[in-house]
Amino acid sequence: MTQNMSFLRNFVLYKCLFALIFWNHVSLSVEDELFTSASNNFPEDGSNQKIKSLPLLYTNRHQSKANFDWVVIQNSTESLSVSEITNDNVKKLVTLLSTFRQGSRLQNLTLTNVSVDWNALMEIFQTVWHSSIEYFNINSVTQLSDIRRYNFDYSGTSMKALTVKKILITDLYFTQDDLYRIFADMNISDMTITDSDMIHMLCPSSQSPFRYLNFLNNDLTDFLFQNCDNLLQLETLILQKNKFENLPKVSIMTSHMKSLKYLDMSNNLLRHDRADEQCQWAESLTELDLSSNQLADAVFECLPVNVKKLGLQNNQISSVPRGVAELKSLEELNLASNRLADLPGCSGFPSLQFLNIEMNLILTPSAVFFQSCPRVRELQAGHNPFKCSCELQAFMRLKRQSGGKLFGWPAAYVCEYPEGLRGTELKDFHLSQLACNTTLLLVTALLLTLVLVAAVAFLCIYLDVPWYVRMTWQWTQTKRRARHNPSGELGTVLQFHAFISYSERDSSWVKNELIPNLEKGEGCVQLCQHERNFIPGKSIVENIINCIEKSYKSIFVLSPNFVQSEWCHYELYFAHHKLFGENSSSLILILLEPIPPYLIPARYHKLKALMAKRTYLEWPKERSKRALFWANLRAAISINLPTADENWCGETD
């Protein structure tokens, strides 16, 4: 009997020693290693935490597979991370976890690569639920058997946050409520289910303490939480990367969440095109992320009135309609990567302080932006296809006055158009004030025009341009009538050796000296004189042109009297016109008296040119030199007329 009692004592002592060795090996082997408690990542009040999960700490791997077959990744007095959980070792894991009753120091548990049946999975959750664990992470879960209804006991838990990632359901035919009800009715503060292809989540059966829900990257649709009144404490809801399509339905979903402050609906398929659909957002909602959807301008008709921070980047917005949205509390607006062609005004956003409008289609930002948005402290407008023009210069002047409110200046602000300035930073782009000031440019152009008109008018008056225009017109009209009347007297058959042009004040010399010496004597010359050869009934201009046309030469008797005669000027003009028209030397100039240059009017510039370029005969005062004068004049006139009248010579006036 004594021997038996001794054996029993030894056996119990051995078992206790074995249990102590096992516990030290599994639970307390690395108490001295450094570990940052996950409780620092999950404050009890849950404030300012958007996505909460216990990080996996892969330090000091303990490949303790003997007897247990799982891998201990992290082991300390407050945290435990185990991997490779299967149906073969799940009961041993449950037995181990059941030892951590409430009051134990273990608070953080992470299970990775879990492949078990439904009941075993629920047994793990139930065991952890009644343990001291506050933050439970379970990653890469494969559920192997059929899903059935499970009576989960939600009483008496220390758990604050649950994070489930990558759940694979192998059972294709099961009652959805049997799965979703387990999670929907958990009376904890924070729950995260991500990357799990989850298509729905039930509304909690009673008032839920959920303050944080994260369903990132699933397959949830517009039917989520419709008419759900049991999420009154929910403050943060993350539904990023799901399949929501109808923005008004999302707003109605939030209308029952009286405490909701933050909602992330980014990377969905949201649209809002129908004006008849009313939006009913939670009045408590102050931060809304609608980025990376399919929203257009109409989204501004469906926004929460009390929102302070709004994300609309990467949508299809082309303008911000005026007078549609009145968001008096909005402080931060992100419109990057849309289709906006200009900066939006702040008429509907009087409290706006931060605006991001990068990567849009803005060529020339509005110069009145900083005036209409006086409270804006930071503007992100870089990476737009800026057109470097005068309008952009106006914006740049306001930028300098704004006191450095442009975020990313100057590297993000580069000219795209015109092509010659592509790549030029806006800070290096400059145009003159004259080029960009329309009023100044118009005034300058007007002044230059007036100066030009005045100069042209002065030259016209000085050179008597109107007179020449009038003479050219008369010449053209006379020639035109001559072409239409070939049998008339304006023909071009030469009848005279020369036409004489002179001032009436010099007529005595012409009649007493010039005509007698040329028409009488040797080498009879036929002269055309206006007094005897002008045709009555025709205009003086027509007679002048007619005589010049019928004369081989034109003799001009130059004197101070000549330059004072209007008709002499006409005759000189038409004769000079004929000279250039026929390319001949038909002008003969006789200087009867010297002409001082100051007596020659400005309009007689042709006479000045002729006297400067052509040789003229000067009437000699000495009688001994006059014989030579007449000889030279006859030689200049000498020409055989095909119609010469042999009876002409010897006739007198």
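These questions and answers cover the cysteines of a predicted model.

Reader: How many disulfides does the structure hold?
Author: A disulfide needs two cysteine sulfur atoms within 2.5 Å. Cys203 and Cys228 form one such link, and Cys346 and Cys373 form another. Cys388 and Cys415 are also joined. The structure's total is four.

Reader: Which residue forms a disulfide with Cys203, and what is the distance between their sulfur atoms?
Author: The cut-off for a disulfide is 2.5 Å. Cys203 is bonded to Cys228, with the sulfur atoms 2.0 Å apart.

Reader: How many residues apart in sequence are the parts that Cys203 and Cys228 tie together?
Author: The link of Cys203 and Cys228 is right-handed, with 75° about the S-S bond. Cys203 sits in the loop between β6 (190-194) and β7 (212-214). Cys228 sits in the loop between β7 and β8 (236-238), so the pair ties together parts separated in sequence by 25 residues.

Reader: Is Cys228 buried or exposed?
Author: Buried means under 20% relative accessible area. Cys203 has 22%, so Cys203 is partly exposed. Cys228 has 2% relative accessibility, so Cys228 counts as buried.

Reader: Is the link of Cys346 and Cys373 right-handed or left-handed?
Author: A disulfide joins Cys346 to Cys373, S to S 1.8 Å. The angle about the S-S bond is 105°, and the link of Cys346 and Cys373 is right-handed.

Reader: Where does Cys373 lie?
Author: Cys373 is buried, with a relative accessible area of 1%. Cys346 lies in the loop between β12 (332-334) and β13 (354-356), and the pair ties together parts 27 residues apart in sequence. Cys373 lies in the loop between α6 (369-372) and β14 (378-380).

Reader: Which strand holds Cys415?
Author: A disulfide joins Cys388 to Cys415, S to S 1.6 Å. The link of Cys388 and Cys415 is left-handed, with -85° about the S-S bond. The pair links distant parts of the chain, 27 residues apart. Cys388 is in the loop between β15 (386-387) and α7 (390-402), and Cys415 is in strand β16.

Conventions. Residues numbered from 1 in each chain as written. Predicted model: local features only at pLDDT ≥ 70, side-chain atom pairs only at ≥ 80, totals over all residues. Heavy atoms only, no water. Helix = DSSP H or I, 4+ residues; strand = E, 2+ residues; numbered from the N terminus. Buried < 20%, exposed > 50% of the residue type's maximum accessible area, 1.4 Å probe, protein only.
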